[in-house]
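Here is a short report on one protein model.

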Amino acid sequence: VPVGSRWRLQIDLELGRPEGATEKRRLWGKTGFAPHSKKIGTERVYAGETFFYRNYGGRYETRTPDCLFADSDDDGNSILLLDDLCRLGARFTEPAVAGSPDLIAAGLEAMARYQAASWMDPALWRVDWLRNGGSFDAGKCLDWIYDPEHWRDYQGRPRVRMLHPSLRDRDRLLEAH
């Protein structure tokens with residue numbers, strides 16, 4: 001079950017020109033409305049993502065798609081409407097299939113680029129939950145990931161057998177986190 005829900009849609013934009021001119025535009029929507037989202041605390045992670053797009057998207061050297069809408073309610077229910085990711089060259093990979101060394105290197109380079117650009121940025125330090133671990137900690141994600149019942153359920157899934165045994169060691173991974 002995916003943690004987030006995403007879908008591709010096409011909308012007709014009214015351009016405010018005479019004769020009702022419209023423009024077709026493809027977008028991606030992303031939410032966390034799946035029934036399990038509240039159970040696992042990721043609603044706070046999604047709220048962190050909408051916070052990023054509203055306040056920092058495009059500010060740092062990232063390949064951030066244009067965001068037409070990003071909002072969350074007080075309970076952390078969130079929605080994003082992003083530019084067409086496929087048109088921008090995005091590829092969606094299967095989490096159970098190992099990425100190539102080049103793909104992993106590109107991802108690490110992108111993370112290093114935005115982390116270096118935002119390192120010690122005073123604007124980020126003014127946001128309490130960013131200063132104290134961010135949305136991952138606010139959502140208590142590690143509590144859910146390493147919950148013994150959830151861990152046993154996860155270990156029973158076929159895709160887990162594809163992982164190296166060291167990556168199935170709950171105590172070792174919890175300590176690393």
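Which side chain meets Glu49 in a salt bridge? Lys30 does, at 3.0 Å, N to O.

## Model and conventions

This is a predicted model, in which local features need pLDDT of at least 70, side-chain atom pairs count only at pLDDT 80 or more, and totals for chains, interfaces and linings use all residues. Residues are numbered from 1 along each chain as its sequence is written, and side-chain values use heavy atoms, with hydrogens and water left out.

## Overall architecture

The protein has nine helices and four strands. Both are DSSP runs numbered from the N terminus: helices are H or I with at least four residues, strands are E with at least two. Along the sequence the pattern reads β-β-α-α-β-β-α-α-α-α-α-α-α.

Of the 177 residues, 24% are buried. Buried means under 20% relative accessible area, exposed means over 50%, and partly exposed lies in between (1.4 Å probe, protein chains only). The accessible surface comes to about 12,400 Å². Carbon and sulfur atoms hold 54% of that surface. Accessible areas come from the Shrake-Rupley method with a 1.4 Å probe; for residues, only the protein chains shown count as cover. Contacts are heavy atoms within 4.5 Å. Among contacts with a separation of 6 or more, 51% involve residues 24 or more positions apart.

## Salt bridges

Side chains of opposite charge can pair when their charged atoms come close. A salt bridge here is a side-chain nitrogen of Lys or Arg within 4 Å of a carboxyl oxygen of Asp or Glu. The count comes to seven.

Start with the Glu49 and Lys30 salt bridge, 3.0 Å from N to O. This pair links distant parts of the chain: Glu49 is in helix 2 (residues 42-55), Lys30 is in strand 2, and 19 residues separate them. Glu49 is partly exposed at 23% relative accessible area. Lys30 is partly exposed too, at 29%.

Helix 2 also holds Arg54. The Arg54 side chain meets that of Asp71 in a salt bridge of 3.8 Å, N to O. This pair also links distant parts of the chain: Asp71 lies in strand 3 (residues 67-72), 17 residues from Arg54. Asp71 is partly exposed at 36%. Arg54 is partly exposed at 43%.

Arg25 and Asp83 form another salt bridge, at 3.9 Å from N to O. Arg25 sits in strand 2 (residues 22-31) and Asp83 in strand 4 (residues 78-83), 58 residues apart. Is Asp83 buried or exposed? Asp83 counts as buried, because its relative accessibility is 5%. Arg25, Asp83 and Arg87 are linked in a network of salt bridges.

## Nonpolar core and aromatic pairs

In soluble globular proteins, nonpolar side chains tend to be buried together. The largest nonpolar core here has six residues: Phe51, Tyr56, Tyr60, Ala123, Leu124 and Val127. Such a core is a set of buried Ala, Val, Leu, Ile, Met, Phe, Trp, Tyr and Cys residues joined through side-chain atoms within 4.5 Å. Tyr56 touches several other members. Setting aside neighbours within four places in sequence, Tyr56 is in contact with Phe51, Ala123, Leu124 and Val127.

The whole structure contains three aromatic pairs. Phe51 and Tyr56 form a tilted pair, 5.8 Å centre to centre with 55 degrees between the planes. Rings of Phe, Tyr and Trp (its six-membered ring) pair if their centres lie within 6.5 Å; planes under 30 degrees apart are stacked, over 60 edge-to-face, and the rest tilted. Tyr56 is buried at 7% relative accessibility, and Phe51 is buried at 16%. The Phe52 and Tyr53 ring centres are 5.3 Å apart with planes at 80 degrees, so that pair is edge-to-face. Tyr53 is buried at 17%, whereas Phe52 is partly exposed at 27%.

Helix 2 also carries Tyr46. Tyr46 counts as buried at 8%. The Tyr46 and Thr31 C-alpha atoms are 7.5 Å apart, across 15 residues of chain.

## Nonpolar surface patch

Leu103, Ile104, Leu108, Met111 and Tyr114 make a nonpolar surface patch of about 430 Å². Patches are made of residues with over 30% relative accessible area and no salt bridge; like charges are joined within 9 Å, nonpolar side chains (Val, Leu, Ile, Met, Phe, Trp, Tyr) within 5 Å. Tyr114 belongs to helix 3 (residues 101-118). Tyr114 is partly exposed, at 32% relative accessible area.
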